[in-house]
Each structure stands twice: as structure tokens, then as C-alpha cells.
Amino acid sequence: MGRVSEIREPRPRRRRLLRVVVGLLVLLSVIGYFAVQRASVGGGAPFCVASADASGRDGGSDKYEMSPEQAANAATIAAVGIAKGLPDRAVTIALATAMQESALRNLDHGDRDSLGLFQQRPSMGWGTPEQITDPVYSAAIFYDHLVDVPGYSRLPLTVAAQKVQRSGYPQAYAKHEPDATVLTAAFAGGGVLDCGGPAPTEPGDPEKVREGLVRIFGKDGMHTFGPEGGQGGQAGRNGGGGRVVQEPEVAMVEKKEAGEAATRRSRAMAHWAVANSRELGIARVSYDLRGWVAGKDRGRWQDKGGAGAKNGDADPYGAAPGEVRIFLAR
């Protein structure tokens, strides 16, 4: 009688299974590593998270996570609309449109000659390529076209956006409305934008910060000061409205009047600074008794205290009610 051969599982199959198991373990290790890095002080890859409700940002579902590039572009789109005095609905429509057209990235390419955040076309009269790839310009001209749409704020978002964009896929805007609403709340309402990651390693340029602020919000009340706190060496308020100074305080904009419009403007300015902190070398932002410090506190805004806050005056590293201050990396 012949020998009966032993049946064995083919070795290549075992090796494939082993590779799959090892691959999963490596993937879990990488995920765990980045989770720990994000939770640590000043570590991990840069990231930004918009929350519709600042008090519930730990457990709420109304959040939207972005790269610093996306956050900076979203902040600019929102800030331009707010500086124009437009309602939250206009900001939401603009953000949802840019999310669909470019994923909040300032693209140098697109369908035919489409460019920028909104994929606007020079051949269709939106401007020159240089203008369209300027986020401030592209957002401003989008809003200019939007406000010409009769009753745009009462229209469904897809209809309002389509009347401006003339897209081949008009229904695609709708899926971005929930996330765009979260972003609008973070920049203009009761939400917040947190940005984590390492602190800037290069000194910031106060004139570049000032230029960015002035282009969006205007130059009224904006001044340049020296390292000792500016004209006369005063580090506190000196009655000049807003001001931009060099180290340690780089930019401050003081709210001149109370009211919803002024509050939205100040909030937008503070969050614009946080979103652009890596690009502009911003190390610290203070707004209305709250503070954000690059590389600290997991990138979150923190409540600020101190005598300066209690008596209504701005201390060197905080802001009195209604004030925004921006400090550059040294």
C-alpha cells in the first residue's frame, strides 16, 4: 500500500496572513502614536478643529477638522463676509461652496481655466489668475455676486450657490451645509476654532500681520508700534483704537463699540489670527478675557484671569473685554 501524504496548508497563505496581522499592528501603533502626540503639549502634526459650541467641543458631534491651510482659507472666507457686514447665512453659503469646489484649498488648477478656492474662471470675467488665487479677493467677489441674488438668504443653499457659480453639479453643495454651518458658528457665533501643533520656530513679521488684517478689516484704528509697547512706551490701551506693535505684543485691535456686529468682527479677527498662526509666526492671541498660545493646552483657547482683566484694563499678555491682541514669535 502506498504512503498517504499529509495534507498541509500552503505556506504562501500563512505568509499572507502573517503580513496582514503585522500590517494591522503597525497601523494601530501609528494611530496610537498620533493620538498621543495630539494630546501632548506642543507635539504632533498641526491640525485645527472647529466646534459649533465651545462648551461642548469635547463630546459634541458638531465639529469639523481641517489642516492649517484649510483653516486659514476658511477663516479668510468667513472674515471677509463678516467684515462686509453680511449675515451668517452668507458666510455658510460661501464656505459650503468653497468646500465643494476646492476642499478649502487655494488651487492653481481646475476644469478648463478654473482657479482658486471657488474655482472661478478668468475667461468668465471673475478676474485675473493672480486675483482669483488671492483668497481675500476671491471671497470678496463671491460675496459681491451672492448679494446680487434676490432673497439669497431665504433660498436653499444649493440654489443660492448655483446662481453664483453656474456649476454642472449644483446639488453637490448641499452635502457641505452641515459642516459649513459648524465653521460659521466657530468664526462668527458661539463656537470656537482650536489649532494645535508645534509653536512657530521663525519670528513673525508685524507688517505682514498688519497687512493681512488691514486687507480684510480695514486700516481704521490700526497703528504700528515699537517693542516697548509703542508710542510713548505704553503697553496698555492708549485711546487709539486698534494697533499693531512689535515684540512682545504684535497686533491689537480694540472694539470701539458694543453690539453684535462689533463682537462678530472681533471674533473673526481673533480666529483668523489663530488659523494663520503657522503662516504668520503668531505665538499668542488674546480675545475678550480668553487666550490661545501656540503649542500649548492642546491648541485650545483658555480662560484668562489676572488683575488687568478684573479692572477692565488690558494686561501685557491678556485682553480686556472687547479687545483682540496678537503676539508674534520672537
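The buried residues of helix α6 pack against helices α3 (88-102), α5 (135-147) and α7, where contact denotes heavy atoms within 4.5 Å. Helices (H or I, at least four residues) and strands (E, at least two) are DSSP runs numbered from the N terminus. The model is predicted: local features require pLDDT of at least 70, side-chain atom pairs count only at pLDDT 80 or more, and totals for chains, interfaces and linings use all residues. Residues are numbered from 1 along each chain as its sequence is written, and side-chain values use heavy atoms, with hydrogens and water left out.

Helix α6 is mostly covered, seven of its nine residues being buried; buried means under 20% relative accessible area, exposed over 50%, and partly exposed in between (1.4 Å probe, protein chains only). The buried set comprises Leu157, Thr158, Ala160, Ala161, Gln162, Val164 and Gln165. Val159, also found in α6, is partly exposed, with a relative accessible area of 33%. The C-alpha atoms of Val159 and Ala174 are separated by 9.4 Å, the two residues being 15 residues apart along the chain. Gln165, which lies in α6 (residues 157-165), is buried at a relative accessible area of 14%. Not counting residues up to four places away in sequence, Gln165 touches Thr97, Glu101, Phe118, Trp126, Phe142 and Tyr173. The helix is followed by Arg166, whose phi is positive, near 55°.

Helix α7 (residues 177-188) packs with helix α9 (residues 260-275) at an angle of about 105°, their axes being 7 Å apart. Axes are lines fitted to C-alpha atoms, for helices over the stretch in contact, and angles run from 0 to 180 degrees between N-to-C directions. Helix α7 is therefore roughly perpendicular to α9, a class covering 65 to 115 degrees, whereas angles under 35 count as roughly parallel, over 145 as roughly antiparallel and the rest as oblique. Ala185, Ala186, Phe187 and Ala188 of α7 meet Arg264, Arg267, Ala268 and His271 of α9. By class, this contact has five nonpolar, one polar and two charged residues; Ala, Val, Leu, Ile, Met, Phe, Trp, Tyr, Cys and Pro count as nonpolar, Asp, Glu, Lys and Arg as charged, and the others, Gly among them, as polar.

An open sheet of three strands has the order β2-β1-β3, with antiparallel pairing; strands pair if DSSP finds at least two bridges between them. Strands β2 (63-66) and β3 (192-196) form the edges, each pairing on one side only. Neighbouring strands of the sheet are turned by 15° against each other on average, direction ignored. Strand β1 (residues 47-51) pairs with β3 over five bridges in the antiparallel sense, and Val49 has Asp194 in β3 as its bridge partner. Helix α2 (residues 68-83) packs on the sheet, touching β1 and β2, and its direction makes about 120° with that of β2. Helix α7 also packs on the sheet, touching β1, β2 and β3, with its direction at about 85° to that of β2.

Strand β10 (residues 323-328) is largely enclosed by the rest of the structure, because six of its six residues are buried. Both faces are covered, with Glu323, Arg325 and Phe327 buried on one side and Val324, Ile326 and Leu328 on the other. Strand β7 (residues 282-287) pairs with β10 in the antiparallel sense over five bridges, and Arg325 in β10 is the bridge partner of Ser286.
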